[in-house]
Amino acid sequence: MLRITLIACGVSFLLVLTAGCRRGQEAAHSSAPAPRDANILLITLDTTRADHLSCYSAPAPAGSRRYKGAKTPHLDSLSALGVMFSHATAQAPLTLPSHASIMTGEYPTLHRLRGMEGFVLDKSRPTLASITQANGFATGAFVGSRVLARQFGLANGFLSYDDNMGNQTEEDNLPGVFAERRAALVTDRALDWLKENRRKKFFLWAHYFDPHAPYDPPEPFKHTYAGDPYSGEIAYTDEQVGRLLAGLEQMGLASRTLVAVFGDHGESLGEHGEMTHGVFLYDSTLHVPFIVAGPGVPPGKVIHDQVRSIDVMPTLLAFLNLAPGQEVQGDNLWPLIQKGTRPRSIYSYSETLYPRIYMGWSELLAMRTGAWKLIVAPHPELYNLERDPDENQNLISKFPADAAELRKKISEVVGEQGRRQKIVAGPIDGKTLRDLESLGYVGGGARPIQLGTAAPDPKDRLDALKILGRVEDLLSSKDYARAARLMEQGLRLDPGNPRSHIYLATAYEQMGQYQRAIQVFQHALEVNVETDRMFSRLGIDYLHLNQMDKAVDAMARANRINPGDLNNLRNLGMAYVQLGRAGDAEKAFRAITAQNDRYAAAYNGLGLVAIQRGDMETARREFERAIEVNPAEVKSLLDLGILYRQMGNGEKALHYLELFTSKVPRGQFTDQLPAVREAIQELRGAARSNPATAGVYSLRLW
Ligand SMILES: [Zn+2]
């Protein structure tokens, strides 16, 4: 049996292969190589280009412009211990749809999680987690970003799903920036879970979001990769992967744990006119790392056949001798891993609906083999990947038969009607839908997304895309006035793009010009550009101007289009609280907990509703629940402190108010902090002089 020994060596370590003696014997059982009590560790690397890992750079000629990248000693060691796939392809260049394909073994057209905001994976679909859990495995997930929060459906089957981003705000203040947590925190939590579950058989998933923009690696990587912070994030992530693997080894689990590392998509870094990912289907964002190591995996092998994210699930289940669901579309790769048997399918389908949903441009569909890629777009593209891996020469007019064959393969995946399908985002899980209906939150206003209709080809909008990229940079460097000026130009170029309107409004919001932001959105609506995000932002702008009724109208409209935007529901609930509409507020907060029962701010809102009704006992319970699901929910610490103070319990009031001041992030609650500090002083004084009267004060904090 393969055995992995770890030798500590300064800050780094070496994984050394000590024996592989039963390899021949195992090869005879290619579908069931797992030892008894075998485990699975799945690591997904967000936004990680394969060619930026040092193990993938080796085949590139010296000085090749294709490789810049990071030093990744831990992933290099893992690939030396196992199999490295040189041509692994993602099914979508977006975090959520791509992870859904990894977990279900299905193309996005089948699992239906085809975009980000508002799309939810149906709970009835079998996943790696649901199948392993049903077979007695402990299942745990530790995700690095709000993008994979539990309400989007990937939590199904996980006994433990840790999507708590700590005290970072749930709100995405700038476009394209999501609440995330560092890799070190993901590793810490995953190791804690491993310690608790080490005696059970387990499926553990760790998701590292760090390489996603904005690129901001911690030291020493910040310094080492000062000129290339994206690679710095990858190098840092590699260090944390190493720490997780070291923990596995130290707990004596490495010899019976299969480790699989997969990227969810790459990053364009300026190639084809795209800076990040999501708009195009070139290999810059579809070519991802894929490494498998553990029992039964031949060491040091590089496999060049094309493999796909949908192959991960059936392959990992086959290792455990478990069957995937009936509808699985991926292949079990064990025969390929062990005997070099060619995969059943040489085709890989990918899609991005991102340009259609968020930018008013056409969606793109692609079919890729090892040799060719067809991209279906208003102006279709065909590339010979062997001769032209950078996809610069469109051969569509020279090879019509090859293009037609690949187009036929796309039709087989998306179905006859699929190209012109209407899709609707929203919770598709029956129970959640019924819960929302009973609260009056039916989401009946969802606008279907019509595919296959005339829209600009994303590659014909490169000038607009470039401006959006520059505006993102200006927004993140807080140069809002220039961002606004440039975005005004961009809007003239591409007036039908919802994103341009949102960026322009964001610049005005950041300068405190809420009335101008409102005008931007009103103008967009006049020209029929309309998304849920525009209404939710409009609502926030009205809140800033204290126009509460208009705020509520806009946020309720956003909710009808996309009931899955929990931040919008929270804002709506808080607006109802301010208006004294306790019943409506309660429904809004319950519509959140119906979708995500660990969303702390919703319990905090329910506490405030209870206070409006004079029910202090319920309020206390709700605030405590908020703190229980997220100990860093500082708003609830504050509210609980105030509540105890008003209930006359000075001791507990002091406890929670002190906890609040110790945990509140810098720059938040600045208006309330002086009053809180004053209250703490009074409570301390009262506790010393006369504990019985502590907490009886005239000052109210809310
Ligand atoms: Zn991603």
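Colleague: Leaving aside its neighbours within four places in sequence, which residues is P448 in contact with?

Modeller: This is a predicted model, where local features need pLDDT of at least 70 and side-chain atom pairs count only at pLDDT 80 or more, while totals for chains, interfaces and linings use all residues. Residues are numbered from 1 along each chain as its sequence is written. Two residues are in contact if their C-beta atoms, placed from the backbone, lie within 7 Å. With sequence neighbours within four places set aside, P448 has these contacts: K422, I423 and V424.

Colleague: What separation do the C-alpha atoms of P448 and K422 have?

Modeller: P448 sits in the loop between α15 (430-438) and β16 (449-450); helices (H or I, at least four residues) and strands (E, at least two) are DSSP runs, numbered from the N terminus. P448 and K422 are 26 residues apart along the chain, and their C-alpha atoms are separated by 5.8 Å.

Colleague: Is P448 buried or exposed?

Modeller: Here we count other C-beta atoms within 10 Å of a residue's own, placed from the backbone: 20 or more is buried, 12 or fewer is exposed, and in between is partly exposed. P448 has 10 such atoms, so it is exposed.

Colleague: How many residues of strand β9 are buried?

Modeller: In a regular strand the side chains alternate between the two faces of the sheet. In β9, H287, P289, I291 and A293 point one way, while V288, F290 and V292 point the other way, and all are buried. Strand β9 (residues 287-293) is therefore largely enclosed by the rest of the structure, and its buried count is seven of the seven residues.

Colleague: Which residue in β9 is the bridge partner of A260?

Modeller: β9 runs antiparallel to β4 (residues 83-89), joined by five bridges, and M84 stands opposite I291 there. Strand β8 (residues 257-263) also pairs with β9 in the antiparallel sense, over four bridges. Across from A260, the partner in β9 is V292.

Conventions. Two strands pair if DSSP finds at least two bridges between them.
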